[in-house]
Amino acid sequence: MTDLSNKKPETGAFFPRDRSLHPPAYTPTYKTSVLRSPQKALLSLDGTKSEITGPVFGHSMLGELDNDLIHNFAKPGESAIGERIIVHGRVLDERGRPVAGALIEFWQANAGGRYRHKKESYLAPLDPNFGGCGRTISDENGYYAFRTIKPGPYPWPNGVNDWRPAHIHFSIFGHGFSQRLITQMYFEGDPLIWKCPIVLTIPDRAAIEQLVAALDWSATIPMDARAYKFDIVLRGRRSTLFENRMEGN
Ligand SMILES: [Fe+2]
């Protein structure tokens, strides 16, 4: 949980972003940030109505295999090559309240570290049975889960010899556009995490560790898949929780 004791007075619908936990926009060791970062000072704007509203997603929009990357691109009877894993956890807000009905989208490289994308140039082969993207929606307790294969690390043109650690990209829509989060999940024990110029733009080690999913032995399926647990915390709402009027009712 975020310590709220030193925060500014609570006005507006959501807590402001804590920029001390986020990487600065300009980080020359991550080369493309140089041209992408703002050249002028940021302006601070009050919250708007468009920030406190958000899209509503229904389970009816999901396909049967949307949360199974092992099979959602595979030919009938076949499956993706790689280490079979389950990624699961809860979507919470900064006060620890579950965020139900959040659309969670994820995309990743295949087991060899290659993306299925026309601009991808890494020499690792494509897997004909692996597409690399999927989606799911959190349940009433904020819980989500999906099956996939563990992505491989890949090299990228930045420094002379930079490699991305194995990672899965996430996009999460919360209850309001203020809560929209795009981030990356890493895997416990991967030594490449601490060599990655993108990861190392995050100034706080504890914030990096929040992006590292832990091996979750209790959710492992014997003779099938290992599990990794990844809880996701979105920006919190300022409204008081009334126990007789729970979220969404
Ligand atoms: Fe990536």
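Which residue stands opposite Leu215 in strand 10? I looked this up in a predicted model, and the residue is Tyr228.

**Entry 1: strand 9 and its partners.** I followed strand 9, residues 212–215, to strand 8, residues 181–187, and found them parallel and joined by two bridges. On this side I noted Phe187, whose bridge partner in strand 9 is Ala213. I then turned to strand 10, residues 226–229, which pairs with strand 9 in the antiparallel sense, again over two bridges.

**Entry 2: Ala213.** I listed the contacts of Ala213, leaving out neighbours within four places in sequence. They are Val87, Met185, Tyr186, Phe187, Glu188, Tyr228, Lys229 and Phe230.

**Entry 3: the core.** I checked the largest nonpolar core, which has 31 residues. Ala213 is among the members that touch the most other members, along with Val87, Val91, Ala102, Ile104 and Ile172. I noted which elements give two or more residues to this core: strand 1 (84–93), strand 2 (103–107), strand 4 (143–149), strand 7 (167–173), strand 8 and strand 11 (232–234).

**Entry 4: Ile52.** I placed Ile52 in helix 2, residues 49–52. Is Ile52 buried or partly exposed? I recorded Ile52 as partly exposed, because 16 other C-beta atoms lie within 10 Å and burial needs 20 or more. Leaving out residues up to four places away in sequence, I found Ile52 touching Ala13, Phe14, Gly47, Gly176 and Ser178. I also looked up Phe177, 125 residues from Ile52 along the chain, and the C-alpha atoms of the two are separated by 6.3 Å.

Note on methods
Residues numbered from 1 in each chain as written. Predicted model: local features only at pLDDT ≥ 70, side-chain atom pairs only at ≥ 80, totals over all residues. Pairing = 2+ DSSP bridges. Helix = DSSP H or I, 4+ residues; strand = E, 2+ residues; numbered from the N terminus. Buried ≥ 20, exposed ≤ 12 C-beta atoms within 10 Å, placed from the backbone. Contact = placed C-beta atoms within 7 Å. Core = buried A, V, L, I, M, F, W, Y, C linked by C-beta atoms within 7 Å.
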